[in-house]
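Student: I am new to this structure and would like to learn how to read it step by step. Could you show me the general idea behind each feature before turning to the case at hand?

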Amino acid sequence: MPCFPPTPTLADRLRAAARCVAMSVACVLALSGAVASAAADDSGVIEIRNASRVASTLPTFPQDLQQRAVRLPDDWSETLPQSDGPAWYRLNFTLPASRITPTPLMAAYIERACSNAQVWLNGNLVFDGGRMAEPVTRNCFYPQLVALPPALLNPDGNVLDIKVQGYALQHVASRQRAGGLSAVQVGPHALLAEQQARQAFWNISLVQVISAMLVPLGIVMLGMGWQDRRSPWLIHFGLLAIGWAALSARLWWRDPPWDNATSEFLSCVGFGVLVALAVQFLVRYAALRSTKLEIGLALQCLLIPASLALAGPHRLYLMTSSWYLLLSAEVMAAVTLYLRVTWRKGPDGRADFWPMAFMLMGVGVLVLVELATQHGWISWLPVHVLHFSMPLMFIAVAARQIHIFGRALQVAEASRNSLESRINEVTAEIERNFSQMAELRVEQVTEKERKRIAADLHDDLGAKLLTIVHTSESERISTLAREALEEMRLSVRGLTGKPMQVADALADWRAETVSRLSQANIEADWRSPTEDVHQQLSARAFVQTTRILREAVSNIIKHSGASHCKVRCSIGEHDFVLVVQDNGKGIPMELDGKLDRGHGMASMKHRAKQMQGQCLVESGPGYGTVIRLTLPL
């Protein structure tokens, strides 16, 4: 029967993808390392990769015990899976002939000795990395540079004994913290110091600087989240940044006050809390919320320490690897959910999709490389990319959040200014309306009072004057009472406030004027528009004009000695003009310039001014008098 190859599983595919990514990163780093190595060889650097190893707790190298030849780097997770050390390594080297003569200071460079190491040169202790008993000094990520005193170096051969105190793989939470020793390089101190400084920069100094940046950045995020309660993801991200900075302390904090088991336990528990914060950040940032998810993440944070405690320190790596795999799957699921929801929001959401997609894809690649390293699918890289790349991702995401927050503040400020302007406009409009209502109320009250006064005058004073007119035996008294009654009726008409047609007003004025001039034997010539006039005259204007016209006619009758009087009326679009002219003797020269001193002339001009009009008087001895009244309609 034909035999077909088995279908690759999901784990196989993930493993293959991780290897591809890791190989790409390793190629770049290997290329740079190859150039440096070639330069080092030309400078006389010896790289020692063969050693003899003995597992022993003796204070010096146990020469009487069986030694095993090993190839450096020696990873205890593969060669000593059950041993916590210490282990002794013996390395032999001979300096080149050019280095036997007086030479610069020589040194041994150890890229990795986990967790701590002591170094003997030809039986003499030349380096001590710290405590070799619990709590052991943790130098896993610190490259060590050991100065080799010239007095201890032999021209025909040298022995380098290295005692390493480390932990078995099952006793740590990460493969990078399992015991082991890297290859050792021997060469000029100045040259190896540069290499050690470069390695320390990438693995320690850069991580410290970026982690230190995460703390104030996280505090800023917390402040922004506290200020804007509608953005809870800012608080989650702030706690995530601060938590990652705290968790990164395990890289550069060499002497914690607790043993290895406690350090590994706290590291795994802290990582679980960080994953819960990361998932919450992505879910809430996608404008989603699930109470079940929140409860599940909280229970997970409690379940992780409980499971580690039940598994015990001898199964720590197995349990943490399972948890890391599950937590990584949760992060990738949250990333997928966020990108999916953001993409479905349309153009508004896609503006934020691509920047976050690139950053989150970078996080996914880093997680994939870390998982591949933890499970031994790829060898260790010279630089721990995750340790400084992940904080850079956090900084990029934080910069994006600050940008969005700043833009939201600008929009809110613009909206606030617009709202404030609108409020000012509405307030001004309300004040205008209130002022108009107050004025209208005053007018209504005034109008009501005028009507009351008019009614009282008409009912009380009018009735009494009318009684005097009909009952008085004196003709003079009767005439005065009749004039007073007419004046009262005119005042009442002005108080009532009812407007009247200009045509009706002209008819009344003509009848009264012609009658009074005729009684004084003065010929009256009245001319006014004959076509239909539709303009209206207010009651106040009618009353004031009537009194001005009466005063003018009274002056003609009493003082002018005229025999003829012409009255002309013209009506414009916005005003009308009334001209009264007599052929009398005019105003004497001695009264020139004193026309306003008389009560009659002054009252006429004052009444016209009250109506925003004007009253002009033109006169000369022997030429009569002309009174020109102009009033707005």
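Tutor: Helices (H or I, at least four residues) and strands (E, at least two) are DSSP runs, numbered from the N terminus. By that reading, the protein chain has 14 helices and 20 strands. This is a predicted model, in which local features need pLDDT of at least 70 and side-chain atom pairs count only at pLDDT 80 or more, while totals for chains, interfaces and linings use all residues. Residues are numbered from 1 along each chain as its sequence is written, and side-chain values use heavy atoms, with hydrogens and water left out.

Student: What percentage of the residues in the protein chain is buried?

Tutor: Buried means under 20% relative accessible area, exposed over 50%, and partly exposed in between, with a 1.4 Å probe and protein chains only. Of the 633 residues in the protein chain, 42% are buried.

Student: Is Asn 116 buried or exposed?

Tutor: Asn 116, which is found in strand S8 (residues 116-121), counts as buried because its relative accessibility is 1%. Contact means heavy atoms within 4.5 Å, and, leaving aside neighbours within four places in sequence, Asn 116 is in contact with residues including Gly 129, Met 132, Val 136 and Lys 163.

Student: How do I read the way in which helix H3 and H4 pack?

Tutor: Axes are lines fitted to C-alpha atoms, for helices over the stretch in contact, and angles run from 0 to 180 degrees between N-to-C directions. Helix H3 (residues 189-227) packs with H4 at an angle of about 160 degrees, their axes being 7 Å apart. Angles under 35 degrees count as roughly parallel, over 145 as roughly antiparallel, 65 to 115 as roughly perpendicular and the rest as oblique, so H3 is roughly antiparallel to H4. The residues of the contact of H3 with H4 divide into 15 nonpolar, four polar and no charged, where Ala, Val, Leu, Ile, Met, Phe, Trp, Tyr, Cys and Pro count as nonpolar, Asp, Glu, Lys and Arg as charged, and the others, Gly among them, as polar.

Student: At roughly what angle do the axes of helix H4 and helix H6 cross?

Tutor: The axes of helix H4 (residues 232-247) and helix H6 (residues 260-285) cross at roughly 155 degrees and come within 8 Å, and H4 and H6 are therefore roughly antiparallel to each other. Among the residues that meet are Trp 233 and Phe 237 in H4, and Phe 271 and Leu 274 in H6. The residues of the contact of H4 with H6 divide into 13 nonpolar, four polar and one charged.
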